[in-house]
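Below is a short briefing for a reader who is new to this structure.

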Amino acid sequence: RAKKSTTQKVCLYDAGMDEAARARTVLTAELRAALEADQFELHYQVQTSVLTGKITGYEALLRWRHPERGMVLPSEFLPLAEESGLIARLGEWVLRTACNDATTWTPPYRVSVNLSPVQFAYPNLSTLLGDILEQTGLDPARLELELTESTIVADKARALMIVRQIKALGVTIALDDFGTGYSSLDTLRSFPFDRIKLDRSFMQDFEFNPQVKAIVRAVLALGKSLNIPVLAEGIETPGQLLLLGEEGCDHAQGFFLGRPAALRDIVSSGQIIRAIPFGNTVKMDLRH
Ligand code: C2E
Ligand code: MG
Ligand code: MG
Ligand code: MG
């Protein structure tokens, strides 16, 4: 009896593996087709100055509008896009689209684009960036690339070289998700980051846990002494924003300030002051 149930278990397990492998194959094929079928879109999430409340820019966040499954988030398809190598073309599409969209915003609004480790290892990243900036006409100073430390740790010397090439174009670099994963002070010391993005996990207990508050305060102090502005991610309550203001945090991003939304929705909600497509009518920023 025991043996029978073991056999059964093994069978079920195998069937499960088949299913998972098949699902991955299907998803990879779908991803490839999705690029051709124009099913990817960029959503944008507002970033603001904590002190003035003014919008400083937007982070581009990739979405897949799947014909049956609806809106699919990056965590569900980015790993597969990276494994299958599709991230090269997808990442290029993201960069080109984000730069193009940003040219329609009133300067000095900036656009932040996430780079995956695989993209970062791409041999001609700075050449590609230079081409995209030239073709879209976006002022390089208005493009920020977000890297995480996991992107850098594999080969720090090479990463530093690439970061310098990117910065030579006039593009700025942010350290994303700071405080999680591989965070080390050595990275902060040896890389010329233009901004530190404090991981949103720190906002969860920020208001009510003295230890978390002490850590946030220390990161803000570190930013001040290194002369690198800090952006706090994941602001969900007015209390968090207020406290960040008291602690001297530079920038903020999170659902409380604005959820990621399609470009047209952000425009109609008045979050973006459009300059080009709607003639010269300057739309006032209604929120501040
Ligand atoms: P990230 O770069 O740290 O982006 C912030 C994530 O936090 C986004 O999730 C955003 O929707 C979410 N978020 C923003 N504010 C709040 C908040 O107040 N509360 C909570 N709970 N979440 C908030 P999303 O869009 O699902 O993206 C997840 C990750 O996928 C990103 O993390 C980034 O690492 C990656 N990603 C997104 N778009 C791209 C892309 O175009 N290229 C690459 N390589 N990676 C991307
Ligand atoms: Mg990011
Ligand atoms: Mg982040
Ligand atoms: Mg993240």
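**Briefing**

The largest pocket has a volume of about 1,200 Å³. It is lined by 40 residues, and Glu 59, Leu 61, Arg 63, Pro 74 and Asn 114 are the closest to its centre. This is a predicted model, in which local features need pLDDT of at least 70 and side-chain atom pairs count only at pLDDT 80 or more, while totals for chains, interfaces and linings use all residues. Residues are numbered from 1 along each chain as its sequence is written, chains are lettered from A and ligands numbered from 1 in the order in which they are written, and side-chain values use heavy atoms, with hydrogens and water left out.

**Largest pocket**

- A pocket is an open set of points on a 1 Å grid over the protein atoms alone, with protein on both sides within 12 Å along at least five of seven lines; a cavity is a set of points where a 1.4 Å probe fits but cannot get out, and lining residues have an atom within 4 Å of a point.
- Grid points are joined across faces, edges and corners, and a volume is the space filled by probe spheres set on the points.
- At least two lining residues come from each of strand 1 (40-49), strand 2 (55-66), helix 2 (74-83), helix 3 (87-102), helix 4 (117-121), strand 5 (143-147), helix 6 (149-153) and strand 6 (172-178).
- These elements are DSSP runs numbered from the N terminus: helices are H or I with at least four residues, strands E with at least two.
- The pocket lining divides into 16 nonpolar, 13 polar and eleven charged residues.
- In this division Ala, Val, Leu, Ile, Met, Phe, Trp, Tyr, Cys and Pro count as nonpolar, Asp, Glu, Lys and Arg as charged, and the others, Gly among them, as polar.

**Nonpolar core**

- The largest nonpolar core has 75 residues, of which Tyr 44, Val 111, Leu 143 and Leu 145 touch the most other members.
- Helix 3 gives the largest share of this core, six residues.
- Such a core is a set of buried Ala, Val, Leu, Ile, Met, Phe, Trp, Tyr and Cys residues joined through side-chain atoms within 4.5 Å.
- Buried means under 20% relative accessible area, exposed over 50%, and partly exposed in between (1.4 Å probe, protein chains only).

**Metal site**

- Asp 176 coordinates both the magnesium ion (ligand 3) and the magnesium ion (ligand 2), which are 3.9 Å apart.
- Asp 177 is in strand 6 and Glu 233 in the loop between strand 8 (230-232) and helix 10 (238-246), so the pair ties together parts 56 residues apart in sequence.
- Asp 177 is partly exposed, at 27% relative accessible area, whereas Glu 233 is buried, at 11%.
- Donors are N, O and S atoms within 2.8 Å of the metal (3.2 Å for Na, K and Ca); water is not among the atoms, so sites may look incomplete.

**Cavity**

- The whole structure holds one cavity of 30 Å³ or more, and the largest cavity has a volume of about 40 Å³.
- Its lining consists of Ala 88, Gly 91, Glu 92, Gln 119, Tyr 122, Leu 125 and Leu 128.
- Helix 3 and helix 5 (125-136) are the elements that give two or more residues to this lining, and helix 3 gives the most, with three.
- By class, the cavity lining has four nonpolar, two polar and one charged residues.

**Salt bridges**

- There are 14 salt bridges, each a side-chain nitrogen of Lys or Arg within 4 Å of a carboxyl oxygen of Asp or Glu.
- Arg 65 and Glu 41 meet in a salt bridge at 2.7 Å, N to O.
- Arg 65 lies in strand 2 and Glu 41 in strand 1, so this pair ties together parts 24 residues apart in sequence.
- Arg 65 is partly exposed, at 40% relative accessible area, and Glu 41 is buried, at 17%.
- Lys 197 pairs with Glu 59 in a salt bridge, with the closest N and O atoms 2.8 Å apart.
- Lys 197 is in strand 7 (residues 195-198) and Glu 59 in strand 2, so the pair ties together parts 138 residues apart in sequence.
- Lys 197 is buried, at 0% relative accessibility, and Glu 59 is buried, at 5%.
- A network of salt bridges links Glu 59, Glu 146, Lys 197 and Glu 233.
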